[in-house]
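This briefing goes through a structure by topic. Please have the sequence and the model at hand.

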Amino acid sequence: DEGRESAFERRSRRADERAVRDKAEAEAETLETNLQANERFVLPSGQEIEAEGQAAPDMALMMQRIREVIRVLQNFRELRDEG
């Protein structure tokens, strides 16, 4: 029957779909990395640090700072400040 896929054809189609999905995810991740690479991190001012000390810690902000530090350390040669 021509309307039915064989098991081999089904697996092949699924593998193709998975490859397309993986490629799209990789491209999205690369785009995000490129966008992040163009951003420049600025240390918080003394007043901002003082204000943070008075309030409960913002976990999302902490995680973003940790990720940024890790990113800079991984690419230190390219991302370091000159001088």
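Residues are numbered from 1 along each chain as its sequence is written, and side-chain values use heavy atoms, with hydrogens and water left out. The protein has four helices and zero strands. Of its 83 residues, 4% count as buried.

**Fold and confidence**

- From the N terminus on, the order of elements is α-α-α-α; helices (H or I, at least four residues) and strands (E, at least two) are DSSP runs, numbered from the N terminus.
- The mean pLDDT of the protein is 79, and 84% of the residues score at least 70; pLDDT is the predictor's confidence in each residue, from 0 to 100.
- Confidence is highest in helix α3, at a mean of 84, and lowest in helix α4 (residues 76-79), at 76.
- Where pLDDT is low, the predicted coordinates should not be read in detail.

**Surface**

- The protein has an accessible surface of about 7900 Å², and carbon and sulfur atoms account for 53% of that surface; areas come from the Shrake-Rupley method with a 1.4 Å probe, and for residues only the protein chains shown count as cover.
- Buried means under 20% relative accessible area, exposed over 50%, and partly exposed in between (1.4 Å probe, protein chains only).

**Salt bridges**

- A search of the whole structure finds two salt bridges, each defined as a side-chain nitrogen of Lys or Arg within 4 Å of a carboxyl oxygen of Asp or Glu.
- One of them joins the side chains of R13 and E17, at 3.3 Å from N to O. Both residues lie in helix α1, four residues apart, about one turn of the helix.
- R13 is partly exposed, with a relative accessible area of 32%, and E17 is partly exposed at 43%.
- E68 forms a salt bridge with R71, with the closest N and O atoms 2.7 Å apart. These two residues, E68 and R71, are both in helix α3, three residues apart, about one turn of the helix.
- E68 counts as buried because its relative accessibility is 9%, and R71 counts as buried because its relative accessibility is 11%.

**Surface patches**

- Patches are made of residues with over 30% relative accessible area and no salt bridge; like charges are joined within 9 Å, and nonpolar side chains (Val, Leu, Ile, Met, Phe, Trp, Tyr) within 5 Å.
- The place of a charge is taken as NZ of Lys, CZ of Arg, CG of Asp or CD of Glu.
- R10, R11, R14, R18 and R21 form a positive patch. R10 is in helix α1 and is partly exposed, with a relative accessible area of 30%.
- D22, E25, E29 and E32 form a negative patch. D22 is placed in helix α1 (residues 7-38), and D22 counts as partly exposed because its relative accessibility is 41%.
- M59, M62, M63, I66 and I70 make a nonpolar patch of about 470 Å². M63 is found in helix α3 (residues 59-74) and is partly exposed, with a relative accessible area of 40%.

Technical notes. This is a predicted model: local features need pLDDT of at least 70, side-chain atom pairs count only at pLDDT 80 or more; totals for chains, interfaces and linings use all residues. Lys and Arg count as positive and Asp and Glu as negative; His and the chain ends are not counted.
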